[in-house]
Amino acid sequence: MSRKALEDTKHELIKAHVLDPDSSPLTPEHQQLLDRVVSAAKVLDKNPIQKQAVALHQQKYPNISRSQAYEDLRLATRLFNTLHTFDWDFWQTWAVNDIVRNIDKCRNSGTPADRRVIAMEHANLIKAIGPKPENLPDPKRQEKTNYYIVVNNNDNKQVKVDLNVLAKMDPSALRELNKAIYGGGEITEEDAEKLMES
């Protein structure tokens, strides 16, 4: 017969163990595992880096293996969601989708009570989404900004190259620019500008 996992144990039994450990309804194996998992959750709250948390957990329970310590930490993150493991994006997406489904159901029925629910759900939707940011990022900011690469050749001369122009240059002009910078031929600033404009 397979042993029941701690996650499958009824909440009332775990609560009874926490409230009165001396007369716990849990099996001794589940009691030890629950104590270790609670300890692992507390360690994770203070030390979210798993490698450090495993080392501290093994110090407290020296008789467990390293793989068992990692398993205790994985179980602790599943059973005791903390600030470090809670997925806010997933929660917000789930809440928004649920509110939208409720609005759709109420809109289809059209009763006065459902119209009140729609109004409440709209208020909940505004709370879940949050206020509109004051300064939205400019989608064309990339186009407005000029990016340059400063190239130093062997003679410590600097050539300023615009990336937008460089991306549009044909390969023969790029080869000429490369020869001029690194290939031994002297290049003046006017020559570099002519190459960039071509």
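**Entry 1: terms and model.** I call a residue buried under 20% relative accessible area, exposed over 50% and partly exposed in between (1.4 Å probe, protein chains only). The model I looked at is predicted, so I kept in mind that local features need pLDDT of at least 70 and side-chain atom pairs pLDDT 80 or more, while totals for chains, interfaces and linings use all residues. I number residues from 1 along each chain as its sequence is written, and my side-chain values use heavy atoms, with hydrogens and water left out.

**Entry 2: the chain as a whole.** I looked up the secondary structure and found 10 helices and 2 strands in the protein chain, taking helices as DSSP runs of H or I with at least four residues and strands as E runs of at least two, numbered from the N terminus. Reading along the sequence, I wrote down the order α-α-α-α-α-α-α-β-β-α-α-α. The protein chain has 198 residues, and 25% of them count as buried. For the accessible surface, I noted about 15000 Å², with 54% of this belonging to carbon and sulfur atoms; the areas come from the Shrake-Rupley method with a 1.4 Å probe, and for residues only the protein chains shown count as cover. Turning to contacts (heavy atoms within 4.5 Å), I found that, among those with a separation of 6 or more, 41% join residues 24 or more positions apart.

**Entry 3: salt bridges.** I searched the whole structure for salt bridges and found 4, requiring a side-chain nitrogen of Lys or Arg within 4 Å of a carboxyl oxygen of Asp or Glu. One of them joins Arg-36 to Asp-72, with 2.7 Å between the closest N and O atoms. Arg-36 belongs to helix α2 (residues 28-46) and Asp-72 to helix α4 (residues 66-79), so this pair ties together parts that are 36 residues apart in sequence. When I checked the accessibility of this pair, both Arg-36 and Asp-72 came out as buried.

I then went to helix α5, where Arg-101 and Asp-98 lie 3 residues apart, about one turn of the helix, and where their side chains meet in a salt bridge at 3.5 Å, N to O. Arg-101 counts as partly exposed because its relative accessibility is 43%, and Asp-98 is likewise partly exposed, with a relative accessible area of 28%.

In helix α5 I also found Asp-104 and Arg-107, again 3 residues apart and about one turn of the helix; their salt bridge has its closest N and O atoms 3.9 Å apart. Asp-104 has 39% relative accessibility and therefore counts as partly exposed, and Arg-107, at 48%, also counts as partly exposed.

**Entry 4: a nonpolar patch.** On the surface I noted a nonpolar patch formed by Trp-88, Phe-90, Trp-91 and Trp-94, which together have about 530 Å² of accessible area. Patch members have over 30% relative accessible area and no salt bridge, with like charges joined within 9 Å and nonpolar side chains (Val, Leu, Ile, Met, Phe, Trp, Tyr) within 5 Å. I placed Trp-94 in helix α5 (residues 88-109) and recorded this residue as partly exposed, because its relative accessible area is 47%.

**Entry 5: Lys-51.** I found Lys-51 in helix α3 (residues 50-60), and at 59% relative accessibility Lys-51 counts as exposed. Leaving aside neighbours within four places in sequence, I listed Arg-66 and Tyr-70 as the residues in contact with Lys-51. Lys-51 and Tyr-70 are 19 residues apart along the chain, and I noted 8.7 Å between their C-alpha atoms.
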